[in-house]
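Here's a quick briefing to read with the model open beside you. Take a look at the structure, then work through the points below.

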Amino acid sequence: MKAKPAILLVDDEPDILHSLIGLLRRDFTVYTAESGQEALQIMADHTIHVLMTDQRMPEMSGAELTRQAYHRFPTTTRILFTGYADIKSVIEAINSGGLYRYVTKPWDPDDLIELLHEAVRLYEKEAAQQNLVQEMQHYVSLGRQITQQLAQDPSGHPVDHDLLEAFTQAGNLLEDLTHETCKPVAGE
């Protein structure tokens, strides 16, 4: 049986967290935090697929939390919700926190569950892409080692320098591709 995706809900109002737990616990493993610092600690301790945070919280806003999560846990999908329309905060979260969606309170329960499933699918896609990039980097590294060994062939066999150069350039192209693939889409 496949494990439920992990959702982290962050709000300084316990009643909202309790209500969301009741709504989401059937489909998701639900973690809760009442502050940004607590949320970051949970993310350090557990794999979190989706971070859904309130904007207005003491000490650390939701926009700041999504920004820090973006840099520390880039594959986690980030959603910001709030009960007031503060467009400046939303723009900040989008630009600096790689925000996936912005949701206003109150939300439709069915729409929220579907949104969270979409966010999990995005997480899974990004995690798979990251794994692929890591595998490519591993193979590029192995290719470079082989190229160096071939270039220093002590057996006296002639080395095809054109083939060696082509292999080296292919490795450089793969390395450039992996660096481009790893670049974040939103602001850094």
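V30 is partly exposed, at a relative accessible area of 22%; on this scale buried means under 20%, exposed means over 50%, and partly exposed is in between, with a 1.4 Å probe and protein chains only. Bear in mind that this is a predicted model, where local features need pLDDT of at least 70, side-chain atom pairs count only at pLDDT 80 or more, and totals for chains, interfaces and linings use all residues. Residues are numbered from 1 along each chain as its sequence is written, and side-chain values use heavy atoms, with hydrogens and water left out.

**Around V30**
- You'll find V30 in strand β2; strands (E, at least two residues) and helices (H or I, at least four) are DSSP runs, numbered from the N terminus.
- Leaving aside residues up to four places away in sequence, V30 touches I7, L9, I21, L24 and R25, where contact means heavy atoms within 4.5 Å.
- V30 and P5 sit 25 residues apart in sequence, and their C-alpha atoms are 8.5 Å apart in space.

**The sheet**
- Five strands make an open sheet in the order β2-β1-β3-β4-β5, with parallel pairing; two strands pair if DSSP finds at least two bridges between them.
- β2 (29-33) and β5 (101-104) are the edge strands with a single partner each, so one side of each has no neighbour in the sheet.
- On average, neighbouring strands of this sheet are turned by 20° against each other, direction ignored; axes here are lines fitted to C-alpha atoms, for helices over the stretch in contact, and angles run from 0 to 180 degrees between N-to-C directions.

**β1 and β2**
- β1 (residues 6-10) pairs with β2 in the parallel sense, over 5 bridges.
- L8 is opposite Y31 in β2.
- A6 has T29 as its bridge partner in β2.
- From β1 the chain passes through helix α1 (residues 14-24) to β2, a right-handed β-α-β crossover; right-handed means that, with the strands pointing away from the viewer, the path from the first strand over the helix to the second runs clockwise.

**Helix α3 and R72**
- Helix α3 (residues 62-72) lies across β1, β3 (50-54) and β4 (77-82), and runs at about 160° to β3.
- R72 belongs to helix α3 and is partly exposed, with 46% relative accessibility.
- Not counting residues up to four places away in sequence, R72 touches L40 and A44.
- R72 and L40 are 32 residues apart in sequence and 8.8 Å apart in space, C-alpha to C-alpha.
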